[in-house]
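Please look over the model below with its sequence beside it.

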Amino acid sequence: MKKILFAASECVPFIKTGGLADVVGSLPKYFNKEEYDVRVIMPKYLCIKESLRSQMKYVTHFYTDFYWRTQYVGVLEMEYEGVHFYFVDSEFYFGGPWPYGNMYEDIEKFCFFSKAVLSILPLIGFKPDIIHCHDWHTGMIPCMIKETHNNDSRYNAIRFVYTIHNLAFQGNFGPEMLDSCLGLPYYLLDNGNVRFDGGISFMKSGILYSDKITTVSPTYSQEILTSQYGEHLEAVLNMRKYDLWGIVNGIDIELWNPKTDPEIPYHFDKVNIKSEKLKNKLALQKELGLDENKDVMLVGCVSRLTWQKGFYLLMEQLDALCAAPIQLVILGSGEKQIEQKFRELENGNKGKICFYQGYNESLAHRIYAASDLFLMPSLFEPCGLSQLCSLRYGT
């Protein structure tokens, strides 16, 4: 039986800020259980719901030298929908109200997580044949194992798959953290293996040290080989283009099913969609304090509020949007300037516009189910799961 370990910064149902969590949460459970033993390791964030944290069982703990401190590392586990999950526990790094913060904090946080993953492997009784790393947060794991553990029989047979969900976020940091945080030799900076723009890049490391690289759609895998979409890593990607594969993302059609979804008040399928979708719309208007009007067009938006998602384009059209005969519901968090603008927009248009700051998975389902139209003004989109969820709910 082939053993695979997914290493990622987020995963549904535990924590989610974007499509990365959907993929890590849904893909493992669809592997053939007779041929593959697929498990997931992720941080144990304090902001994970207590109902889930209370089900996690203690495995072991140890202390590790990291940066200039000795840090506690706890290991917990649980099974969810047939998939075995491991959680790295550190209140110092994962104790905040949100999984991500300032980039300089996140760099140290995921250096710690990467180092912890290596230390945990011999302790959990699971020796993976493949470690599947996701996005910049885990991009250093293949490098760390190949450069510092390659003569260790517990690690040297492991192969690596690295998935780029979004090339725009690369995990770039100063060279001084190479040794202090990751315990890697400085010659990796000198020979260019991890060097990027005067510093070091998690993303570049993942691309160069993994055996295979995948992206979230065939189109995106070709786009990132160009200067327009390569985010200054196109030369590195072209070096590995024969090991680069585009595999289109999909949604979990059991989780995203308007006929059975426990998060929406009225269930529907293609037979009764018109009447029941309207009931969901009126229910959402009431829940969010919007004017209850079945005839107004309800526009929904569930997204990270970042430059990439096109919200600065939207800012230019806000006056026209406010004047249009529509209602707008926005769920998300991100850049403070965008959040502030939407707060001001809601305050000046009560009953017409609602901005929910943060992420609420349950509310996201109700927005997809209730909306007449979904707004997604992205400048570029590696693979938009939101469009697929919208279509699944008749929006």
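Leaving aside its neighbours within four places in sequence, with which residues is Leu 237 in contact? This is a predicted model, in which local features need pLDDT of at least 70 and side-chain atom pairs count only at pLDDT 80 or more, while totals for chains, interfaces and linings use all residues. Residues are numbered from 1 along each chain as its sequence is written, and side-chain values use heavy atoms, with hydrogens and water left out.

**Leu 237**

- Beyond its neighbours within four places in sequence, Leu 237 is in contact with Ile 164, Leu 167, Ile 207, Ile 224 and Leu 225, where contact means heavy atoms within 4.5 Å.
- Leu 237 has its place in helix H10 (residues 234-239); helices (H or I, at least four residues) and strands (E, at least two) are DSSP runs, numbered from the N terminus.
- The relative accessible area of Leu 237 is 1%, so Leu 237 is buried (buried means under 20% relative accessible area, exposed over 50%, and partly exposed in between, with a 1.4 Å probe and protein chains only).

**Helix H11**

- The 16 residues of helix H11 (residues 273-288) should span 22 Å at 1.5 Å a residue, and the end C-alpha atoms of H11 are 22 Å apart, which agrees; the expected span is 1.5 Å times one less than the number of residues.
- The buried residues of H11 are Glu 276, Lys 277, Asn 280, Lys 281, Leu 284, Gln 285 and Leu 288, and they pack against strand S13 (297-302), strand S14 (326-332), strand S15 (353-357) and H15.
- Just after H11, Gly 289 takes a positive phi of about 80°.

**Aromatic pairs**

- The structure holds 27 aromatic pairs, counted where rings of Phe, Tyr and Trp (its six-membered ring) have centres within 6.5 Å, with planes under 30 degrees apart called stacked, over 60 edge-to-face and the rest tilted.
- The rings of Phe 14 and Tyr 80 are edge-to-face, because their centres are 5.9 Å apart and their planes stand at 65°.
- Phe 14 lies in the loop between strand S1 (2-7) and helix H1 (19-26), and Tyr 80 in strand S4 (residues 69-80), so this pair ties together parts that are 66 residues apart in sequence.
- Phe 14 is buried, with a relative accessible area of 3%, whereas Tyr 80 is partly exposed at 27%.
- Tyr 368 and Phe 374 form a stacked pair, 5.3 Å centre to centre with 20° between the planes, and both residues are buried.
- A cluster of Tyr 45, Phe 66, Tyr 67, Phe 92, Tyr 93, Phe 94 and Phe 112 is linked by ring pairs.

**Pockets**

- The largest pocket holds about 1300 Å³ of space; a pocket is an open set of points on a 1 Å grid over the protein atoms alone, where a 1.4 Å probe fits, with protein on both sides within 12 Å along at least five of seven lines, and lining residues have an atom within 4 Å of a point.
- Of the 47 residues that line the largest pocket, Thr 17, Tyr 100, Phe 169, Arg 304 and Thr 306 lie nearest its centre.
- The second largest pocket has a volume of about 840 Å³, a volume being the space filled by probe spheres set on the points, which are joined across faces, edges and corners.
- Of the 33 residues that line the second largest pocket, Val 12, Pro 13, Phe 14, Lys 49 and Glu 361 lie nearest its centre.
- H1 and helix H15 (361-370) are the elements that give two or more residues to the lining of the second largest pocket.
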